[in-house]
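Subject: Structure handover

Hi,

Here is the structure we talked about. Please load it before you read on; my notes follow below.

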Amino acid sequence: MTLDSHRRRRRRRTRALLCAIAALPATHPNACDLHQPRFSPEHATPETARTDRTRIPRDIRIEQGGFATADAAAACFGARYHDDKRAEFVTFLVHTEDGWAYLTPGKGPRNARRVHTEALHRASNDAGHALLAVAHTHPFGMPYFSATDAATVLRANGPMYLTNWRNETWRLAPEDVRSQLERRGFPSTTISVSRLFSAPGMREGWRGTPVAPVVNPVRRADR
Ligand SMILES: [Zn+2]
């Protein structure tokens with residue numbers, strides 16, 4: 001082997017190694033990083049950085065993505081934010097060429113049972129994202145979907161995810177609400193939803209469909 005061909009081979013090997021590194025995904029695919037810094041009110045817009053407001057992030061971007069399913073993205077958001085005992089977090093799910101993702105969440109007012117999310121929805125839209133589903137936490141109160149949640153699903157005609165303080169994640173789809181109303185002979189209106197919720201057995205809310213918990217969390221040592 002001449003010195004020249006040896007050098008060429010070495011260069012080829014280096015190039016192959018560089019390509020292998022470039023092909024490695026920047027994040028762990030379909031994995032949920034539980035230790036990445038979370039949204040906190042100091043990242044909120046000045047007008048909303050108060051405990052009696054729905055805190056809206058100044059910068060709404062993909063917080064974690066690369067998930068194979070919307071369920072996995074929602075379960076990751078829930079696992080990361082369900083443990084705040086005083087306020088609810090709300091986010092939106094999006095789909096990119098890397099898969100499903102959730103956006104920087106907003107945070108509801110302290111101890112509020114109803115959280116106004118219109119401004120957060122608008123801000124998330126204005127940040128250039130196509131919002132496909134909403135996900136939120138229940139830090140207290142009902143462990144499952146409330147009448148307000150079900151009415152929102154019906155009105156928005158899109159799925160909603162909920163993660164309660166036990167870190168259980170549930171999904172409610174518009175067709176679930178409509179079929180339940182049909183079964184009772186109610187029209188598909190938000191008034192019918194409140195009638196549905198006044199039935200016995202609905203005190204804890206509506207369970208919807210269970211979503212598998214995070215199965216592949218990224219731990220500190222993996223990062
Ligand atoms: Zn809710």
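Which residues does Y144 touch, leaving out those up to four places away in sequence? The contacts are W170, E204, G205, W206 and R207. Bear in mind that this is a predicted model.

More on Y144. Its place is in the loop between strand 6 and helix 4. R171 is 27 residues away from Y144 in sequence. In space, the two are 9.8 Å apart, C-alpha to C-alpha.

Strand 6 covers residues 133-138 and is mostly covered: six of its six residues are buried. In a regular strand, side chains alternate between the two faces of the sheet. Here both faces are covered. A133, A135 and T137 are buried on one side. V134, H136 and H138 are buried on the other.

Strand 6 has these partners:

- Strand 3 (residues 89-96) runs antiparallel to strand 6, with four bridges joining them. L93 has A133 as its bridge partner in strand 6.
- Strand 7 (residues 160-164) runs parallel to strand 6, with five bridges joining them. N164 in strand 7 stands opposite H138.

Last, the connection. Strand 6, helix 4 (residues 147-156) and strand 7 form a β-α-β unit, and this unit is right-handed. The Y144 loop sits between the strand 6 and helix 4 parts of it.

Best wishes

Methods: Residues are numbered from 1 along each chain as its sequence is written. This is a predicted model: local features need pLDDT of at least 70, side-chain atom pairs count only at pLDDT 80 or more; totals for chains, interfaces and linings use all residues. A residue is buried if 20 or more other C-beta atoms lie within 10 Å of its own, exposed if 12 or fewer, and partly exposed in between; C-beta atoms are placed from the backbone. Helices (H or I, at least four residues) and strands (E, at least two) are DSSP runs, numbered from the N terminus. Two strands pair if DSSP finds at least two bridges between them. A crossover is right-handed if, with the strands pointing away from the viewer, the path from the first strand over the helix to the second runs clockwise. Two residues are in contact if their C-beta atoms, placed from the backbone, lie within 7 Å.
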